[in-house]
Amino acid sequence: MTVRAKKHLGQHFLKDEAIAAKIADSLSFEGYRNVLEIGPGMGVLTKYLLKKDIIVWVVEIDSESIEYLKTHYLHLSDRIINADFLKMDLATYFKGDPLAIIGNFPYNISSQIVFKAIEYRDYIPEFSGMFQKEVAQRITAGPGSKIYGILSVLTQAFFEVEYLFTVPPNVFNPPPRVDSGVIKLVRKKNHTLPVDVPFFFRVVKTAFNQRRKTLRNSLKSFQISDKLKEDVIFALRPEQLSVDQFIKLTKSIAEDGIRDH
Ligand SMILES: C[S@@+](CC[C@H](N)C(=O)[O-])C[C@H]1O[C@@H](n2cnc3c(N)ncnc32)[C@H](O)[C@@H]1O
């Protein structure tokens, strides 16, 4: 029995065992007991996770894969969760315990998976997995790069990021059209921002929505005082700012006294 690959669920099954082992090895397995794999499919990565001294959970939306896992991975038993990862309340499900996230992710929801990890960052010390290469590069890009954007800044505000390696299409069944990239995120020691997080997100998103404009122009809706606008930072475009500069910028706008609501 094998699972029939379903395109709408982003199913590309990894055939290369060595790559599965390498992805499993990318986590440190320190500081947490629970590891949640998103989209195990037929369990190629799960198998390597089960060799580690940790508690493995898997969440899979596809009922055919669930049947496969239940018959082939009996010892996972009630740690096979048949659900949509995007709808899971991770804090309640894991009773506030920390968990690492790992997977060969379905590409159609990959940015949403990262945003969810950011949302639940207080519970997630580590996160690693495979994305479409271009998304992996966007998450790990630094200032000055064309692909540095919302995903890069919001992720890197809370996590240290590392691009690990590239994976070609021919190791999947069926092969995707593009290369894949494996990345690793490790939560920063101090991941509490000195600013209101939703406000920070708004500043970053607004700035990058018009990425060719200087901040003076793109952030007009924030009604910033003329005095603050004289700061040289407002002559820059968003891709020129480091994550720390974005945090400082948000703080100065918030403290400017006349922020909009
Ligand atoms: C790229 S495949 C990887 C499968 C397997 N881990 C492998 O490496 O061969 C992505 C998997 O994610 C599952 N998936 C898609 N959307 C999901 C969701 N919202 N929640 C949980 N699993 C999902 C798919 O059914 C599929 O099994």
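These legends walk you through close-up views of a predicted model. Local features need pLDDT of at least 70 and side-chain atom pairs count only at pLDDT 80 or more, while totals for chains, interfaces and linings use all residues. Residues are numbered from 1 along each chain as its sequence is written, and side-chain values use heavy atoms, with hydrogens and water left out.

**View 1. Two domains make up the protein.** Domain 1 covers 7-187 and domain 2 covers 197-255, with bounds from an automatic or database domain assignment. Their C-alpha centres lie 32 Å apart.

**View 2. Domain 1 meets domain 2.** Here 14 residues of domain 1 are in contact (heavy atoms within 4.5 Å) with 15 residues of domain 2. The two domains bury about 1,100 Å² between them, 76% of it on carbon and sulfur atoms; this buried area is the accessible area (1.4 Å probe) that two parts lose on being put together, summed over both. Look for Y148, I150 and L154, which supply 43% of the area that domain 1 buries against domain 2, more than any other three residues.

**View 3. Polar contacts link the domains.** Four residue pairs, both at pLDDT 80 or more, are in polar contact between domain 1 and domain 2. Such a contact is a pair of N or O atoms within 3.5 Å; within protein, one must be able to donate a hydrogen and the other to accept it, and residues adjacent in sequence count only if both atoms are side-chain atoms. The count of salt bridges between the domains is zero (a side-chain nitrogen of Lys or Arg within 4 Å of a carboxyl oxygen of Asp or Glu).
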